[in-house]
Amino acid sequence: MSFEPAALPPERPSERRLLIVYRERDLMVRARGTAVTLPSAATSGELGVALDGEQYLGRLAGVDCYASHVPAEIDPPAEHEFVGLRSLWTRLPEDEFWLAGRGYQIVEWDRTHRYCGRCGAPTENAVPERAKRCSACGLSSFPRLSPAVIVCVTRGNEILLAQGTRFPGAFYSVLAGFVEPGESLEETVAREIKEEVGIEVENIRYYGSQPWPFPHSLMIGFSADYKSGELVLDPEEIAAADWYTRDALPELPPHLSIARTLIDAYIEGSLGSP
Ligand SMILES: [Zn+2]
């Protein structure tokens with residue numbers, strides 16, 4: 001993606017700008033027939049809706065990008081609609097989809113950090129940093145990111161896939177969990193696997209990462225080898241889990257996610273070894 005992030009708009013703005021506008025969790029898109037794109041305008045006012053808290057994101061292919069939001073009761077302008085971001089995967093151009101995810105996280109931070117968490121005084125944007133600084137006590141607040149590990153566990157030619165209790169009847173996927181304060185990523189991997197399915201793993205290897213703006217995660221992918229133990233499921237988290245071979249896989253997650261990328265790497269035999 002030819003995106004150059006920045007918190008401060010350039011001295012010479014581009015002629016048009018891309019606008020990432022949220023109403024709650026829904027993104028404003030320009031929809032004509034089946035074609036869907038981010039709104040584009042010469043000025044933010046051109047859209048005809050009052051935007052709250054504009055944040056400069058950077059440039060996508062030379063075009064300035066701004067993120068903001070509107071109150072829940074606002075109707076979209078003509079030829080525009082508000083749509084849940086997740087459903088726009090494959091409908092929006094891919095670089096615009098990920099930019100909109102970045103914008104969502106910045107907008108959420110902008111909306112929820114207008115007052116200092118320590119003393120309650122109003123905050124100010126501390127550009128060129130992506131930060132808000134308290135006008136009274138100077139406390140800085142940065143956009144929230146919640147790191148989570150996601151792990152593809154294999155045993156010989158089998159892969160461990162599980163169905164979470166939060167989405168009953170849905171697809172099977174690899175296991176994931178949030179990093180806790182004080183943990184290394186490798187410790188999170190070992191703890192989550194042990195807690196959710198009762199087994200020990202070894203040879204924990206970094207695979208890759210993916211921003212996951214639903215609402216503010218960073219997914220950090222690993223592969224690991226089964227070491228010991230029997231599957232004992234945590235009934236709070238895991239509805240079902242088992243070992244599968246390539247020729248008998250259950251329903252898998254959509255291609256959007258790093259979960260699917262990890263599973264596809266297992267299927268292709270390209271997960272790598274230590
Ligand atoms: Zn303060």
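Reply:

**The largest pocket**

The lining of the largest pocket consists of 37 residues, and Arg 166, Phe 167, Ala 176, Trp 212 and Met 219 are the ones nearest its centre. Two or more lining residues come from each of strand E12 (146–155), strand E13 (158–164), strand E14 (175–178), helix H2 (185–197), strand E15 (200–212), strand E16 (217–228) and helix H3 (258–268). E14 gives the most, with four residues. By class, the lining has 21 nonpolar, ten polar and six charged residues. The space in this pocket is about 1,100 Å³.

The model is predicted: local features need pLDDT of at least 70, side-chain atom pairs count only at pLDDT 80 or more, and totals for chains, interfaces and linings use all residues. Residues are numbered from 1 along each chain as its sequence is written, and side-chain values use heavy atoms, with hydrogens and water left out.

A pocket here is an open set of points on a 1 Å grid over the protein atoms alone, where a 1.4 Å probe fits, with protein on both sides within 12 Å along at least five of seven lines; lining residues have an atom within 4 Å of a point. A volume is the space filled by probe spheres set on the points, which are joined across faces, edges and corners. Helices (H or I, at least four residues) and strands (E, at least two) are DSSP runs, numbered from the N terminus. Ala, Val, Leu, Ile, Met, Phe, Trp, Tyr, Cys and Pro count as nonpolar, Asp, Glu, Lys and Arg as charged, and the others, Gly among them, as polar.
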